[in-house]
Every structure is written in C-alpha cells, then in structure tokens.
Amino acid sequence: MADTRYTEEHEWIRVEGDVGTIGITQYAQEQLGDVVFVDVPAAGRKVAKGEACAVVESVKAASDIYAPATGEVVESNAALAETPGDVNAEPTGKGWFFKLKLADKGELDGLMDEAAYDAFVKSLG
Amino acid sequence: MTETPAGPLKRTPLYDLHRELGARLVPFAGYEMPVQYPTGILVEHNHTRTACGLFDVSHMGQVRLTAKPGQNAAKALETLVPGDIAGLQPGQQRYTQFTNDAGGILDDLMVTSTGDHLLVVVNAACKDADLAHMRKHLSATCEVEPMFSRGLLALQGPQASAVLSRLVPQVATMKFMTGAYVVIDGARCYVTRSGYTGGDGYEISTPAEQTDAIARKLLSHPEVKPIGLGARDSLRLEAGLCLYGHDIDTTTTPVEAVLLWSVGKERRVQGGFPGAATVQKQIAEGSSRKRVGLLPEGKAIAREGAEIVIGGKTVGIVTSGGFSPTMGRAIAMGYVERSQSANGTKVDLMVRGKPVPAEIVAMPFVKHAYYRG
C-alpha cells in the first residue's frame with residue numbers, strides 16, 4: 001500500500017516501491033487560487049531534498065515547489081502544460097507534478113503523516 | 001498590489017457583506033479587502049468581461065474641492081496636475097496625475113466637475129499624502145473636504161448599464177467619463193460612467209451608511225457577482241492601465257508612462273504644474289525610456305521586477321505581469337529604453353534566471369469597450 005507523507009511547504013509525496021509521486025495539497029491549492037502554469041522538472045534531473053525544482057503559478061503569484069527527498073526525476077506530468085487547473089481540481093490526483101526515484105527512503109521519516117499534517121494545517125488557523 | 005503599513009486594518013462599509021459572501025480578506029493599503037470570493041479570480045474576471053461585476057473600491061480616497069469666494073477650484077487644481085481641469089464642463093470627468101517638481105508621479109486620480117465643485121478620487125495607499133498635498137497647496141483657494149468614509153462601488157461589465165438603469169434610468173445614456181448626482185434607494189449618490197477594467201461600467205459614490213444596502217440591491221440582480229482585488233488587477237492589466245506604485249511612481253513621468261494623452265494640449269505648452277519643465281523637455285526631445293506592452297511566448301509568467309533583455313543586455317524592467325484570462329496567456333507591461341521600444345521588437349524576459357522570449361506590443365491587450373454614445 002502506498003504511503004503518503006507531507007511537508008511543511010504543503011507538498012505531498014506518495015511512495016510506491018522506491019518511486020515517490022509529488023504534488024501539492026488541497027490546502028496549498030486553496031491558498032494559491034486558480035493555477036495557470038506549472039513548470040515541472042525534466043526526467044533525468046537529479047534533485048536534492050529541499051531543492052526548488054518546480055514552480056506553480058496562480059493568477060496571483062508564483063510559488064516554488066521543493067523536492068521532499070533526494071533523487072532523480074523519472075517522469076513529470078506533461079498534461080499540466082495544457083490543463084494546469086488540474087492542480088486545483090484534483091491536487092492529489094490528476095494534478096500531480098513529478099515522480100522521483102528516491103535515493104534514500106529514510107529521508108521520508110522526517111516528514112509528516114496525514115494526521116500530523118492535518119494538525120499542522122489546523123495550527124495555521 | 002500595495003503593501004500594508006503597520007497598525008490596525010481599516011474596514012470599508014462592506015466588510016460584513018464581504019464576510020457573508022465568503023471573501024478571502026487580505027491587507028491592502030491599510031484596509032482589510034476582498035482579494036477574491038469563493039469562485040476564484042478566473043471566474044470573477046470572466047464574469048466581469050461577459051456580464052457584470054461589483055467591486056468594493058471604498059478604500060480609495062474621495063475628496064471634494066469647492067472654490068472659496070472669488071476663486072476657481074479647477075484653476076487651482078491645475079497647479080498640481082498636468083490635466084486640462086479648467087476645460088471640464090459640468091458633469092465631465094478626466095484622468096490626471098499629481099506630479100512632483102521632477103515631473104514624477106505622486107499619484108494618479110480621477111477628477112469630475114459637478115459645476116459647483118470638483119470630486120477627486122485618489123488611490124487608497126496615497127490618500128493621506130494626497131490630502132495633505134492638496135491642503136498645503138489648495139487651502140488658500142479651495143475648501144478641501146475629505147470624504148474618506150463614503151462608499152465607492154464599481155459596477156463593471158457589458159451588463160452594468162442594463163442593471164444600473166433598472167434602478168436609475170438616466171444612467172443608460174450617460175457617456176464614458178461623465179458623472180451625475182442620482183438617487184438610489186433614497187440615497188443621494190454620485191455616479192460616473194467610468195472604471196478601471198477597460199470595459200463599460202460605473203463608479204457609484206455612496207453615503208457610508210447606505211453603501212451596504214445599495215451593494216446588496218445591486219447583487220440581487222442575477223447578472224451581478226461580487227469581484228475581488230485579484231480580478232481587478234488582471235482586468236486592468238488586460239486594459240493596459242497603470243497601477244500606481246508599480247507601473248507609475250515618483251520616478252516615472254507622464255511622458256515615460258505614455259500618459260501624454262491625459263496632459264492637456266494647452267498645458268503642454270503653457271506648463272504651470274509641478275515638473276512642467278521636465279515634461280515639456282521630454283515632449284520635445286523624447287524621454288529616455290517608455291512604458292510598453294509585452295507579450296511573452298509560451299505560458300511562463302513574467303512578473304513585476306523581471307528584467308527585459310535584448311542580446312544579453314538589460315534594456316528595461318517589467319512593472320506588471322500576469323495571466324490574461326481573456327487571452328488565455330501571459331501578458332506584461334514594463335519600461336524599456338526608447339530606442340528599443342518599437343512594437344514588434346523581440347526581447348527576452350528573465351524569469352527565474354531563464355530567458356522567456358517576448359515581443360513588444362501595443363496596448364491595450366483587450367480592446368476597451370467604453371460607452372461613448
């Protein structure tokens with residue numbers, strides 16, 4: 001079963017085997033508003049945990065997306081180029097950003113599980 | 001958008017209504033203002049372009065100037081602005097700017113003559129400074145009366161006329177940039193056929209205590225939806241209109257900002273406003289830079305602060321940039337060296353360190369739809 005973890009920057013990473021799929025949370029898409037452009041990293045790019053590697057543009061502002069773990073990008077969501085609104089409509093489904101072959105799954109231990117993330121969002125008021 | 005000074009946030013007469021409507025409220029120019037309602041900016045933007053949007057712009061500064069005995073308020077105001085104010089007929093409105101001694105823009109404003117007095121509308125972030133400026137320079141000749149508690153509603157879009165004329169039939173035939181006193185719901189209001197979306201519409205100055213009831217009445221019409229500051233910004237950018245503090249400020253002159261159309265023809269010759277010498281010199285010789293429209297290729301958005309580059313050399317800077325919902329693509333405006341400012345010039349906009357190819361284009365991006373009768 002897939003295990004989903006969350007960052008304080010409101011990214012989620014769903015891990016299956018040694019590949020993590022990354023996107024932004026429902027809370028993040030609500031805060032951003034209408035998404036009009038997503039710049040995703042190309043397959044083959046190596047990213048370090050915490051590195052800014054994608055950009056999501058809403059009508060209001062541009063926001064960086066940070067790699068929740070170290071690894072190599074194996075696929076990015078090309079469909080977002082045509083339908084960036086998927087990020088608003090299905091942030092944890094069709095609105096995924098990219099997939100990462102994880103270098104060290106142990107890095108995920110520091111991330112929040114769903115209950116911890118929900119509590120974190122509540123604490124933001 | 002303008003950042004907020006420290007201190008408690010002020011509220012407009014529509015604060016409770018915004019809360020009821022589920023607005024996301026943000027600090028803006030010292031006020032708690034709706035940036036968007038639950039449907040979001042894209043829907044609000046498109047609704048304003050196709051039907052009718054209601055904007056709360058009560059945070060803007062309304063000031064009444066009334067000539068003292070034997071004085072002329074329009075002539076007095078002309079000592080502070082380059083616009084032709086003395087030439088305003090009763091009921092006519094004009095766009096102009098307060099300039100400083102270097103010809104820089106202190107604020108931009110709308111001035112309407114009622115025949116008896118002048119009604120001035122200035123930007124929220126500048127209104128205290130503008131009031132002090134007018135009091136300092138105009139108190140000898142005019143009564144300078146701030147009306148900062150009044151409401152100001154903008155009703156904008158192709159259905160605005162149909163909606164407002166149900167309440168006030170006379171507004172249907174009002175022309176763009178004219179104004180009149182009207183009665184709405186028993187309240188004496190001043191309506192102008194104007195706005196800042198590039199579309200048809202009205203701005204309605206309302207007594208503070210009746211603003212909420214009038215707004216609710218307008219929203220009861222099926223064509224009308226509430227619209228926040230987010231869509232107000234994307235609408236004005238499509239219309240190629242300047243946002244003070246971003247596209248114009250004290251470092252830009254009306255000539256550089258390509259606002260010369262708003263400078264009276266006689267006033268270009270005769271001067272008599274702060275910074276006239278600089279403005280006249282720029283009219284004669286051209287300014288070193290000018291404001292242009294920019295159409296980026298692709299979908300990346302070049303926002304305020306992005307450098308404009310030609311062949312690796314920086315030739316200017318983006319002052320406003322965003323997504324145009326009407327065009328479904330990114331648009332921007334900025335300043336470039338005049339020698340590089342011709343329409344069709346290819347440039348690169350630096351977005352997160354990467355060049356985004358773009359072309360200098362004429363503005364507006366979306367054709368104005370003003371009602372000229």
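# Chat on a two-chain predicted model

Tutor: Y31(B) counts as buried because 21 C-beta neighbours lie inside 10 Å; a residue is buried if 20 or more other C-beta atoms lie within 10 Å of its own, exposed if 12 or fewer, and partly exposed in between, with C-beta atoms placed from the backbone. This is a predicted model, in which local features need pLDDT of at least 70 and side-chain atom pairs count only at pLDDT 80 or more, while totals for chains, interfaces and linings use all residues. Residues are numbered from 1 along each chain as its sequence is written, and chains are lettered from A and ligands numbered from 1 in the order in which they are written.

Student: Which strand does Y31(B) lie in?

Tutor: Y31(B) is in β2 of chain B, residues 31–36. Helices (H or I, at least four residues) and strands (E, at least two) are DSSP runs, numbered from the N terminus.

Student: And what does Y31(B) touch, leaving out residues up to four places away in sequence?

Tutor: L9(B), K10(B), R11(B), T12(B), H59(B) and A124(B). Two residues are in contact if their C-beta atoms, placed from the backbone, lie within 7 Å.

Student: How many Å separate the C-alpha atoms of Y31(B) and A125(B)?

Tutor: The separation is 9.4 Å, with the two residues 94 apart along the chain.

Student: Back up to all of chain B. How many helices and strands are there?

Tutor: Chain B has 9 helices and 19 strands. Its radius of gyration is 20 Å, close to the 21 Å that the globule rule gives for 373 residues, so chain B is as compact as a globular protein of that length. The radius is taken over C-alpha atoms, and the globule rule is 2.2 Å times the number of residues to the power 0.38.

Student: What percentage of chain B is buried?

Tutor: 51% of the 373 residues. As for contacts between residues at least 6 apart in sequence, 67% of those in chain B join residues at least 24 apart.

Student: Which domains does chain B have?

Tutor: The assignment gives domain 1 (15–58 + 150–238), domain 2 (59–147 + 253–287) and domain 3 (288–361); such bounds come from an automatic or database domain assignment. The centres of domain 1 and domain 3 of chain B, taken over C-alpha atoms, are 31 Å apart. Their contact takes 7 residues from domain 1 of chain B and 7 residues from domain 3 of chain B.

Student: Which element supplies the largest share on the domain 1 side?

Tutor: α2(B), with 4 residues of the side that touches domain 3 of chain B. Both α2 (41–50) and α7 (229–238) of chain B supply at least two residues there. By class, that side of domain 1 of chain B has 2 nonpolar, 3 polar and 2 charged residues. Ala, Val, Leu, Ile, Met, Phe, Trp, Tyr, Cys and Pro count as nonpolar, Asp, Glu, Lys and Arg as charged, and the others, Gly among them, as polar.

Student: Sheets next. What is the order in the open sheet of 6 strands?

Tutor: In chain B the order is β10-β11-β12-β9-β3-β13, with mixed pairing. Two strands pair if DSSP finds at least two bridges between them. The edge strands, each pairing on one side only, are β10 (179–184) and β13 (224–227) of chain B. Neighbouring strands of this sheet are turned by 30° against each other on average, direction ignored.

Student: How many bridges join β9 and β12 of chain B?

Tutor: 6, and these two strands run antiparallel. L153(B) stands opposite I204(B) in β12(B). Helix α6 (residues 208–219) of chain B lies across strands of chain B including β9 and β12, running at about 20° to β9(B). Axes are lines fitted to C-alpha atoms, for helices over the stretch in contact, and angles run from 0 to 180 degrees between N-to-C directions.

Student: What about chain A, which sheet of 3 strands is there?

Tutor: An open one, β4-β6-β7 in chain A, with antiparallel pairing. β4 and β7 (62–66) of chain A are the edge strands. β6(A) and β7(A) pair over 5 bridges, and V56(A) stands opposite S63(A) in β7(A).

Student: How many residues does each chain put into the contact?

Tutor: 10 from chain A and 13 from chain B. The largest share of the chain A side, 3 residues, comes from β4(A). The residues of that side of chain A divide into 5 nonpolar, 1 polar and 4 charged.
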